[in-house]
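Please examine the sequence and structure shown here before reading on.

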Amino acid sequence: MLSVCRVRCARKLWGPAQTSQILNVTNMHRSVRQLLHKKVMEDNKPWALISEVGGQGYIEEVTDIMKQHFQIICLKDFLQNPLLHGPKIQAMFVWNALPATKPALLSSLPSLKVVANGGVGIDHLDVSYITSLGVKVTNTPGVVSDATADIAMGLLLASARNIVEGHQIAVNPNTTHKQCKMGVEVTGSTLGIIGMGHIGSKIAQRGKGFDMKILYHNRSRRSVEDEQAVGASYHDNMDDLLNASDFVVLAVNLTPETTGLISHRELSLMKPTATLVNISRGLVVDQDALVKALQDHPLLGLPNVLITPHVGTNTYTTTRRMVQRMVENAVAALKGQTIPNEVQPK
Amino acid sequence: MTEEKTWALVSEVGGEHGYLEELAEVLKQHFQIICYRELLEDPVLYGPKIQVLFMWKYCPAAEPMLLGLLPSLKVVVSGGVGIDHLDVPFINGLGVKVANTPSVVSDSTADLAMGLLLASARKILDGHQIAIDPKTMHIPQSLMGVEVTLSTLGIIGMGEIGYKIAQRSKGFEMKILYHNRTRRNVEDEQAVRASYCESLGDLLRKSDFVVIAVKLTPDTTGLIGHRGLSLMKPTATLVNISRGKVVDQDALVKALQSGSIRAAALDVTYPEPLPRDHPLLGLPNVLITPHIGISTYNRARRIVEKMVENAVAAVKGLPVPNEVKL
């Protein structure tokens, strides 16, 4: 009986062809036991649903963080047998808004306790709906802030100083010595930050190093200490900030109030020499209005537009931290402990 | 009767090496401008009138042949702070002063250094190319950069520009190491929390980002070569905003190809521009900009104003504010 069991396990773990080779190995007995043991251990871990590894999902390097605490299953595998796998799943990790937390999916996860989002923005989650199912929602504020503030400054500088265009000229096989377009000064210029949350404040901190004059607009005014730390002045009226800024950086979260916050009117208030930097969400800006303001061409073809594919947190360090935080949130939720980054419905 | 303005020689207005129209206007307020091409049409007539030579982007080159045509020359004023392209002793030997424009270049150059550092670290160029590529259907998750905040920045050359780079990186909570011919004073170090590395090797070993901000001299030529690059972390980025010749370019190519360092971001190369078949141009982990350290209207204008200030002083026999004395 035991030997039959070993063969079955070996076949299940490897595959028929290798199985016969393996069964010939003298210390197969111990290795199968070890694997059985590992499998049992894994079986004791709670199951978590993820989108995929690679592609639009997680980089390979962070899956070990999840696997320390969870048995992970990809959406594709889940969908092969939702009735079998569904009830096992207690946590769902959402990365890059995937898997989409649609009712159809959620209803096939009766044991779901938590939707743990990677990233701070949760505009893609219907928090009220999810929590009404008795499922908690978490995000990862804090850990994303430095990297996102860094990319905001990177975009600001790259745009101001024509770095992308400069590179293209420098490496173009046909360049004899084409003049690079003149840029605009960053040091001593006026930086207007719309949305002075965690990320906005870190942008202000970085801007201060460039002797930028910092203006900000926020739902609520920050404390005097916070303002003085970066030399930021509050602008209750966003129009004033738009009028005065050389660089306008959007760092709000996406809500019904901030959707289309920057449209024709706001763009027309900005200086013709000003640069708009958006690291929040696309929908905060009325894109058609933006195209017109930049002068009527499709956005992709404009020479004065720099676009990056939502890489605000794309460093190994920050990505690892985000996944670690997601796992922490999910573990706490499953254990019924206080959840570090629970997102409460409004 | 309006007094004729002093004559000054420039390369050209417009064109690859010339002044933008708006900048030429600044010169014309104080000087009668003559272009190099025009001088050559009748050097015997025009040469003796010229008291000032304005150099912009190394042109016109202050070579013996040209200087020989300018018997009344009082001063060579070079836009920018670098003077490695000038044979100062030779020019002084002709009784001609040399001036540059330090300080006015520092902020802009420090800004560009940070811009290159961030663009390289966060793959902004690649990101942009993917984002606007007509074939892009999905956001790639694999486009990963390296962390800037809390990383270690090693500044080689802590002069005015190097120091301003330190000031800017402080906002990113970078740990700052520096190497310089002489140590800066304690207040300066504390203000940016920079630690002195007497050993260049030490700095290279410990840094995530190495920024070169020295001036080009015989001592700094080839300062960063095979050995230096091999000491750097394989995850490190080299940023050069000084002069191409400070780095051994062949060694750099090898280091980038072998993964001995992660990436390089260069505003300066030797020569400029690089030959079109140079290996640096084809490497995916190199960002190159065409010497745009001071390429903003504001800066360019400020530099030209400084050039004028120096030239006017020289012509009047007054002390020249930015005279280069060796």
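Is the crossing of H1(B) and H14(B) right-handed or left-handed? The crossing of these two helices, H1(B) and H14(B), is right-handed; a crossing is called right-handed if the near helix is turned clockwise from the far one, and left-handed if it is turned anticlockwise by less than a right angle. The model is predicted, with local features requiring pLDDT of at least 70 and side-chain atom pairs pLDDT 80 or more, while totals for chains, interfaces and linings use all residues. Residues are numbered from 1 along each chain as its sequence is written, chains are lettered from A and ligands numbered from 1 in the order in which they are written, and side-chain values use heavy atoms, with hydrogens and water left out.

**Helix packing in chain B**

Helix H1 of chain B spans residues 21-30 and helix H14 of chain B spans residues 297-315; their axes come within 10 Å and cross at roughly 20°. Helices (H or I, at least four residues) and strands (E, at least two) are DSSP runs numbered from the N terminus. Axes are lines fitted to C-alpha atoms, for helices over the stretch in contact, and angles run from 0 to 180 degrees between N-to-C directions. H1(B) and H14(B) are therefore roughly parallel to each other, where angles under 35 degrees count as roughly parallel, over 145 as roughly antiparallel, 65 to 115 as roughly perpendicular and the rest as oblique. On the H1(B) side, the contact (heavy atoms within 4.5 Å) is made by Glu22(B), Leu23(B), Val26(B), Leu27(B) and His30(B). H14(B) contributes Tyr297(B), Ala300(B), Arg301(B), Val304(B), Glu305(B), Val308(B) and Val312(B). By class, the contact of H1(B) with H14(B) holds eight nonpolar, one polar and three charged residues. Here Ala, Val, Leu, Ile, Met, Phe, Trp, Tyr, Cys and Pro count as nonpolar, Asp, Glu, Lys and Arg as charged, and the others, Gly among them, as polar.

Val315(B) also lies in helix H14 of chain B. Its C-alpha atom is separated by 7.8 Å from that of Val52(B), although Val315(B) and Val52(B) are 263 residues apart along the chain. Neighbours within four places in sequence aside, Val315(B) is in contact with Thr6(B), Gln51(B), Val52(B) and Lys74(B).

A further pair in chain B consists of helix H6 (residues 106-121) and helix H8 (residues 160-170), whose axes come within 8 Å and cross at roughly 50°. That angle makes H6(B) oblique to H8(B), and the crossing of H6(B) and H8(B) is right-handed. Among the H6(B) residues that meet H8(B) are Asp107(B), Ala110(B) and Met114(B), and among their counterparts in H8(B) are Ile161(B), Lys164(B) and Arg168(B). The contact of H6(B) with H8(B) comprises five nonpolar, three polar and five charged residues.

**Helix packing in chain A**

In chain A, helix H4 (residues 60-67) and helix H16 (residues 316-335) have axes that come within 9 Å and cross at roughly 25°. H4(A) is thus roughly parallel to H16(A), and H4(A) passes H16(A) in a right-handed crossing. The contact includes Val62(A), Ile65(A) and Met66(A) of H4(A), with Tyr316(A), Val323(A) and Val327(A) among the residues of H16(A). Six nonpolar, two polar and three charged residues make up the contact of H4(A) with H16(A).

**Domains**

Domain bounds come from an automatic or database domain assignment. Chain A is divided into domain 1 (43-142 + 316-343) and domain 2 (144-169 + 183-301). For chain B, the assignment gives domain 1 (7-102 + 296-316) and domain 2 (105-288).

| Domain pair | Buried area | Share from carbon and sulfur atoms |
|---|---|---|
| Domain 1 and domain 2 of chain A | about 600 Å² | 57% |
| Domain 1 and domain 2 of chain B | about 660 Å² | 56% |

In domain 1 of chain B, Tyr58(B), Asp84(B) and Arg299(B) supply 57% of the area that this domain buries against domain 2 of chain B. The C-alpha centres of domain 1 and domain 2 of chain A lie 32 Å apart, and eight residues of domain 1 of chain A are in contact with seven residues of domain 2 of chain A.

**Backbone geometry in chain B**

Most residues other than glycine have a negative phi, and most peptide bonds are trans. A cis peptide bond joins Cys59(B) and Pro60(B), with omega about -5°; Pro60(B) is found in the loop between strand S3 (50-55) and helix H4 (64-67) of chain B. Tyr270(B) and Pro271(B) are likewise joined by a cis peptide bond, with omega about -10°. Glu173(B), which is not a glycine, has a positive phi of about 55° and lies in the loop between H8 and strand S7 (175-179) of chain B.

Methods
Buried area is the accessible area (1.4 Å probe) that two parts lose on being put together, summed over both.
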